[in-house]
Amino acid sequence: MSGKQSLYVGRAGQMAVMAELLWRGLNVAFPEVDIGDDVFVVKDETGELWRVQVKTASAGPLSDGYSAQFNIPLNQLENPRTPDLIYVFAIRGSSGWEPFVIIDRETLWQEYVTHGVGSVSQRSLVLRFSTQAGRLRCSDRDFLPYRNDWSKWPVIRH
Amino acid sequence: MIEVAVGKQSNGATFQLHPKTRALLESRFPGWSPVPSSVFVSSSRPWDYERMQDPMWAQIVMLLTRLDEEQIEELGGFKFTSPSDDHVVYESHAA
């Protein structure tokens with residue numbers, strides 16, 4: 001994928017995630033200056049704020065599913081902050097967006113350190129998600145609990 | 001040894017158990033869970049470790065682990081590290 005195409009795909013993933021968050025009744029914003037956060041999510045009623053990092057990839061076909069690969073800088077993954085970062089992985093399939101994979105930074109760090117999820121290349125963690133027969137796996141770990149896990153953001157009716 | 005990761009911010013610092021420590025506590029103390037999962041110490045100015053007075057280090061470890069001083073010592077004490085550069089910010093003398 002060319003660099004220019006990556007920009008378009010990345011922005012499309014961000015917009016798809018923002019659309020879902022808006023539908024769920026949360027407010028969203030782009031930081032004016034890109035310092036690593038992709039989306040700010042705000043619950044208007046309480047002022048609660050979440051920092052969301054959207055990672056987008058195109059799905060590669062498997063016999064009975066698809067796979068997608070993502071890179072996460074280790075520096076970002078290992079660094080606790082308040083409010084902490086939540087990763088949303090957006091996978092574009094052949095006919096539309098696949099279910100999002102939502103996992104907070106601390107949990108993903110735990111998966112990497114204690115369960116060896118992913119592989120490290122040039123100070124980045126490379127994650128490869130694969131779905132087959134209704135399962136979602138990453139380095140042989142079951143990631144199904146993270147699929148479309150919007151539990152942090154239950155739907156708000158205004 | 002208990003390891004606490006520190007993330008410096010312009011408005012304070014976030015402290016969180018290293019995943020290896022979390023796994024250690026889960027295996028050592030059945031039923032233990034990481035609550036609170038992090039502690040944020042607020043500051044009106046960019047974070048400086050000089051702001052941490054001696055008892056505060058142990059107090060943060062106790063908050064994160066819910067262990068008492070004796071239990072912490074049995075585990076070899078504690079250290080605070082900055083994951084971004086693997087720098088050891090503080091190490092207890094119990095180790």
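Two strands count as paired when DSSP finds at least two bridges between them. With that in hand, here are the close-ups, all taken from a predicted model.

**View 1. Chain B at a glance, with three helices and five strands.** Reading from the N terminus, the elements of chain B go β-β-α-β-α-α-β-β. Along the principal axes, the C-alpha atoms of chain B fill a box of roughly 40 × 25 × 25 Å. The radius of gyration of chain B is 13 Å, which agrees with the value near 12 Å that a compact globule of 95 residues would have. Buried residues account for 24% of the 95 residues in chain B. Take the contacts in chain B with a separation of 6 or more: 52% of them link residues 24 or more positions apart.

**View 2. Strand E1 of chain B and its pairing with E2(B) and E4(B).** On one pairing, E1(B) meets strand E4 (residues 78-82) of chain B in parallel, with four bridges joining the two. Look for Glu3(B) here: its bridge partner in E4(B) is Lys79(B). E1(B) also pairs with E2(B), this time in the antiparallel sense and over six bridges. In that pairing, Lys8(B) sits opposite Ala13(B) of E2(B). E1(B) and E2(B) make a hairpin, with two residues between the strands. As a reminder for anyone tracing the backbone, strands of a sheet pair through backbone hydrogen bonds, either parallel or antiparallel.

**View 3. Where chain B meets chain A.** Fourteen residues of chain B and twelve residues of chain A make up this contact. Sorted by class, the side of chain B that touches chain A has five nonpolar, seven polar and two charged residues.

**View 4. The five-stranded open sheet of chain A.** The strands come in the order E1-E2-E3-E6-E7, and the pairing is mixed. Strand E1 (27-29) and strand E7 (101-104) of chain A stand at the edges with a single partner strand each, so one side of each has no neighbour in the sheet. From one strand to the next, the twist averages 30°. Inside the sheet, strand E2 (residues 39-43) and strand E3 (residues 48-58) of chain A pair in the antiparallel sense over five bridges. A handy landmark in this pairing is Val42(A), which stands opposite Leu49(A) in E3(A).

**View 5. Helices H1 and H3 of chain A lying across strands of chain A.** Helix H1 (residues 3-23) of chain A lies across E1, E2, E3 and strand E6 (85-92) of chain A. H1(A) runs at about 135° to E3(A). H3(A), for its part, lies across E6 and E7 of chain A, and runs at about 90° to E7(A).

**View 6. Helix H3 of chain A (residues 105-115) and the residue that follows.** Which residues of H3(A) are buried? They are Arg105(A), Glu106(A), Leu108(A), Trp109(A), Gln110(A), Glu111(A) and Tyr112(A). Just past the end of H3(A), look at Gly116(A), which takes a positive phi of about 65°.

Notes: Residues are numbered from 1 along each chain as its sequence is written. Chains are lettered from A and ligands numbered from 1 in the order in which they are written. This is a predicted model: local features need pLDDT of at least 70, side-chain atom pairs count only at pLDDT 80 or more; totals for chains, interfaces and linings use all residues. Two residues are in contact if their C-beta atoms, placed from the backbone, lie within 7 Å. Ala, Val, Leu, Ile, Met, Phe, Trp, Tyr, Cys and Pro count as nonpolar, Asp, Glu, Lys and Arg as charged, and the others, Gly among them, as polar. A residue is buried if 20 or more other C-beta atoms lie within 10 Å of its own, exposed if 12 or fewer, and partly exposed in between; C-beta atoms are placed from the backbone. Axes are lines fitted to C-alpha atoms, for helices over the stretch in contact, and angles run from 0 to 180 degrees between N-to-C directions. The radius of gyration is taken over C-alpha atoms; the globule rule is 2.2 Å times the number of residues to the power 0.38.
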